[in-house]
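Student: I would like to learn how to read the annotated positions of a model alongside its geometry. Could you take me through it step by step?

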Amino acid sequence: IAAALGSGPLGGRHVIVTSGPTHEPIDPVRYIANRSSGAQGTALAAALLALGARVTFVTGPSTIPPPAGAQVVRVETAREMQAAVLEALPADAAVCAAAVADWRVENHSGSKLKKTAGGAPQLVFAENPDILAQLSGLGDGRPRLVVGFAAETDDVIAHATAKRARKGCDWIVANDVSPATGIMGGSENAVTIITATGQEAWPRMTKHAVATRLASRIAEALA
Ligand code: CTP
Ligand code: CA
């Protein structure tokens, strides 16, 4: 309702949210994917909408319905996601919650691969564009606030702090996705927000609660 009225703390602001996994084709029937459900990105988009933002929601394949009121752009691959994000600019803020595949299959086949006497196929990988780094490095067109996520398994804070610096984004939302945490694909998250000036560990809470809290931080930053 806030969004429809253009009111709320994010009224008049445009936020791009990337979400979900990407799928990178091997052949017409097979692809490389990852375990991202899109839950955190979807919850975040909903929370931003609730604060009155106009949200462009660029999502890879996900079974979670996108939030009502968002401008939804469905993509499959990292390169499609990159194009959709650049197309959605300008924006006041961008939050990259997608689990973008780091590599695509360079020698993907236009026809279904068949078992042959020659043995198993050899996949050749090429690195995908880094959407978060690209957004962070934009000159004039850079969103005022660029936020990334860092899903890590060991030395979570050290890896995420280095990642923030490397990518040039304003904030990194770090989370521990070790299998033992049950976070990947689960409904809860335990995050630490890393900025240029410090870090703040939030207690474990639902992904919905993380989204609400992050959205209000974003509103404060853009106020
Ligand atoms: N990201 C992106 N484009 C990519 C890869 C990552 O926009 N091609 C974004 C993700 O959406 C996330 C952040 O960058 O917000 C960090 O992703 P992550 O996979 O943790 O970082 P990488 O730089 O890919 O490093 P790693 O080798 O640890 O996977
Ligand atoms: Ca990665």
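Tutor: Let us begin with a term: helices (H or I, at least four residues) and strands (E, at least two) are DSSP runs, numbered from the N terminus. This is a predicted model, in which local features need pLDDT of at least 70 and side-chain atom pairs count only at pLDDT 80 or more, while totals for chains, interfaces and linings use all residues. Residues are numbered from 1 along each chain as its sequence is written, and chains are lettered from A and ligands numbered from 1 in the order in which they are written.

Student: Which residues does UniProt list for "binding site"?

Tutor: UniProt positions are given in the numbering used here, with feature names shortened, and annotations may be inferred rather than shown by experiment. The unreviewed UniProt entry lists D102, K112, P129, D130, I131, L132, F149, K163 and K167 under that name. These positions are spread over 66 residues of sequence and also spread in space, up to 37.5 Å between C-alpha atoms.

Student: Where is the place of I131, and why is I131 buried?

Tutor: I131 belongs to helix 4, and I131 is buried because 26 other C-beta atoms lie within 10 Å.

Key:
A residue is buried if 20 or more other C-beta atoms lie within 10 Å of its own, exposed if 12 or fewer, and partly exposed in between; C-beta atoms are placed from the backbone.
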